[in-house]
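Hi,

Here's the structure I promised to pass on. Have a look at it first, then read my notes below.

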Amino acid sequence: MRLKDKTAIITGAGRGIGKEIALTFAREGAHIAAVDLTLPEIEATAAEVQALGRRALAIKADVSKWDDVESMANLVNKQFGKIDVLVNNAAVWAGLKGKPFYQISEEEWDRLMAVNVKGLFFCCKSVFPFMKDQGKGKIVNISSAVHFIGAPFLVHYATSKGGVVAFTRSLAKELGDYKINVNAVAPGITMTEAGKEKGTKEMHEMFVSRRALKRPQEPEDLMGVITFLSSDESDFITGQTIVVDGGVALH
Ligand SMILES: NC(=O)c1ccc[n+]([C@@H]2O[C@H](COP(=O)([O-])OP(=O)(O)OC[C@H]3O[C@@H](n4cnc5c(N)ncnc54)[C@H](O)[C@@H]3O)[C@@H](O)[C@H]2O)c1
């Protein structure tokens, strides 16, 4: 087991990639704090984690709200006694419709940045005191391959995911002295419910055709890298962004 007895906070763990991370980590021996906006979904994730024999907490929190995030970190530390891993996966993504940049409202732009960028900052800030005291920690930020290749009609989303990479690089340099590793994973279009809704069948065929490895990308395709970056195996790797997209963006 690569994460035996580690404790991990996974944001956006109610569905999609976040839920897959929670269950994968539990199979690797970790105890899980599943964080999301609504309780029924994270309670379901927590129940599946417990069925795998690990401890689980379902925490309702909006990552864009500091009070929610601070309470989240305090609760996890109180219940589990430590915080080893934070995976910043929550994002405004499901339901996001592509549109010309000049039709994006200020409200849409601000909400996206509040969750996808400020939420990441808040979550890192909330776990830092605990990881610092432990003298070790792993932070994995979920970016997107779109920021390398450009995403017309999704400029707010692509900008936020580029921000995740800049944040990752800068924080990694700042936290090295505390032995806290900060890395990012940049997925290509992935067949979660939210990923499937982006584009027509023909567009998805086109996405596949641009890959060196020509098949749809599934959430499981991301789990090896995310687990690796959360485990002791990656102790000397920090500030990196690993693209998992079947070979479209070559970084
Ligand atoms: N699926 C893809 O094609 C794809 C590709 C590249 C990157 N990504 C990234 O991977 C991550 C997961 O993608 P997914 O397809 O599972 O998306 P998703 O939209 O299905 O899941 C995101 C989760 O985050 C939660 N969330 C949203 N706002 C939140 C907030 N303010 N506070 C707490 N939780 C919040 C949602 O409720 C949801 O459960 C996202 O960061 C996304 O940007 C996805």
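Before the notes, one term: two strands count as paired if DSSP finds at least two bridges between them. With that in mind, find A8, which stands opposite I32 in β2. Strand β1 (residues 7–11) and β2 run parallel, and 5 bridges join them. Please remember that this is a predicted model.

Now zoom out to the sheet. β1 and β2 belong to an open sheet of 7 strands, paired in parallel, and the order is β3-β2-β1-β4-β5-β6-β7. β3 and β7 (241–244) are at the edges with a single partner strand each, so one side of each has no neighbour in the sheet. On average, neighbouring strands are turned by 15° against each other, if you ignore direction.

α1 packs on it and touches β1, β2 and β4 (85–88), and its direction makes about 170° with that of β1. Helix α4 (residues 106–134) lies across β1, β4, β5 (137–142) and β6 (180–187), running at about 175° to β4.

Which residues of α2 are buried? They are I42, T45, A46 and V49. These four cover an arc of only 100° around the axis, which puts them on the same side of α2. The general idea is handy here: an α-helix has 3.6 residues a turn, so residues three or four places apart point the same way. P40 and A51, on the other side of α2, are exposed. And what covers the buried residues of α2? The cover includes α1 (16–27), β2 (31–36) and β3 (56–60). After α2 comes G53, whose phi is positive, near 90°.

Finally, the whole protein. Its secondary structure comes to 9 helices and 7 strands. The radius of gyration is 17 Å, close to the 18 Å that the globule rule gives for 251 residues, so the protein is as compact as a globular protein of that length. The C-alpha trace spans about 50 × 40 × 35 Å along its principal axes. Of the 251 residues, 51% count as buried. If you take the contacts with a separation of 6 or more, 74% are between residues 24 or more positions apart.

Cheers

Methods
Residues numbered from 1 in each chain as written. Predicted model: local features only at pLDDT ≥ 70, side-chain atom pairs only at ≥ 80, totals over all residues. Heavy atoms only, no water. Buried < 20%, exposed > 50% of the residue type's maximum accessible area, 1.4 Å probe, protein only. Helix = DSSP H or I, 4+ residues; strand = E, 2+ residues; numbered from the N terminus. Arc of directions from axis to C-beta. Contact = heavy atoms within 4.5 Å. Axes fitted to C-alpha atoms, helices over the stretch in contact; angles between N-to-C directions. Rg over C-alpha atoms; globule rule 2.2 N^0.38 Å.
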